[in-house]
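Here are a few notes to read alongside the model on your screen. Take them in order, and keep the viewer open as you go.

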Amino acid sequence: MRTSRHPRHRATVRWLCLAAALAAPAAAPGATPAERSAQDVLLGRVNAARATHHLAPLRRSALLTRSARGQGGFVARTGRLQHESADGSPFSERLYRAGFSRRRAVGENLGIVGGCDPRAAGEIVRMWLRSAEHRRALLSRTYHVVGIGVVAAADCANTAFVADFGG
């Protein structure tokens, strides 16, 4: 990257650095290396499915990723595959409380597998594509961003997969 001593050029360089930081993949707070890898695989498979249907890829959202990891932790801990948050509120409220705009459409896909194998990400996407409702969310033109959460239970009883979609 070129730098310049001119004040306008320095502002441009700062703006470019900020834009690059914002475009970087959202880190999954607290995720293990295996969970981060599974989140990457899940996003790759989701976007591959979208590409076969001539849809734009989904971009990662740090805000939605935090929400997805939170719900993934709840699902993995309890073994209950439910969209409602731990406090019983609908998933949309969880996303809006996290800071996602109430003026934007939201959706959520969940999956759970027994054991502590985050490599099941590909199978989860195949399952979503076989379900009309999950397929509709995954292939929706409404959504442009996604937060992916893959969380294995501490006792390895199961692994939860969450995709929070935003328009």
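1. A disulfide here is a pair of cysteine sulfur atoms within 2.5 Å. By that rule the count is 1 disulfide. C116 and C156 form it, with their sulfur atoms 2.3 Å apart. The torsion about their S-S bond is about -60°, so this disulfide is left-handed.

2. Before going on, some ground rules: this is a predicted model, where local features need pLDDT of at least 70, side-chain atom pairs count only at pLDDT 80 or more, and totals for chains, interfaces and linings use all residues. Residues are numbered from 1 along each chain as its sequence is written, and side-chain values use heavy atoms, with hydrogens and water left out.

3. Where do C116 and C156 sit in the chain? C116 is in the loop between β2 (106–114) and α5 (121–130), while C156 is in the loop between β3 (145–152) and β4 (158–166). The pair links distant parts of the chain, 40 residues apart. The helices (H or I, at least four residues) and strands (E, at least two) are DSSP runs, numbered from the N terminus.

4. Now have a look at β3.

5. Which strands pair with β3? Two strands pair if DSSP finds at least two bridges between them. β1 (residues 59–60) runs parallel to β3, joined by 2 bridges, and R60 stands opposite V146. β4 runs antiparallel to β3, with 8 bridges, and here G149 stands opposite V162.

6. β3 and β4 form a hairpin with 5 residues between them. C156 turns up again here: it lies in the turn and has a positive phi of about 60°.

7. Q82 is buried, with a relative accessible area of 18%. Leaving out residues up to four places away in sequence, Q82 touches Q71, F74, V75 and L110, where contact means heavy atoms within 4.5 Å.

Note on methods: Buried means under 20% relative accessible area, exposed over 50%, partly exposed in between (1.4 Å probe, protein chains only).
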